[in-house]
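Have a look at the model, then read on.

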Amino acid sequence: MQYITKAGDQWDIIAKNVYGDEYKADLLMAANFPLLDIFQFDAGIVVECPELTETLNETMPPWRI
């Protein structure tokens, strides 16, 4: 999936728009290494957005999840 930035977008704003969680910005940053020097985006930049994989809570037994 890709996201096309709007002027003024930042990593956390993009994460909130794409994933509904601004704390997923680290996933976006890891997938877009060439863009890491950008703090505030101009309009029209393509940001690759990796699909989220479901993670299991490893502290809970499988029958409790």
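L27 sits in helix α2; helices (H or I, at least four residues) and strands (E, at least two) are DSSP runs, numbered from the N terminus. Keep in mind that this is a predicted model, where local features need pLDDT of at least 70, side-chain atom pairs count only at pLDDT 80 or more, and totals for chains, interfaces and linings use all residues. Residues are numbered from 1 along each chain as its sequence is written, and side-chain values use heavy atoms, leaving out hydrogens and water.

**L27**
- With a relative accessible area of 34%, L27 is partly exposed (buried is under 20%, exposed over 50%, partly exposed in between; 1.4 Å probe, protein chains only).
- Leaving aside residues up to four places away in sequence, L27 touches P50 and L52 (contact: heavy atoms within 4.5 Å).
- L27 and L52 lie 25 residues apart in sequence, and their C-alpha atoms are 8.8 Å apart.

**M29**
- M29 also belongs to helix α2, which covers residues 25–31.
- M29 counts as partly exposed because its relative accessibility is 30%.

**Whole protein**
- The protein has 2 helices and 2 strands, running β-α-α-β from the N terminus.
- Of the 65 residues, 23% are buried.
- Take the contacts between residues at least 6 apart in sequence: 56% of them join residues at least 24 apart.
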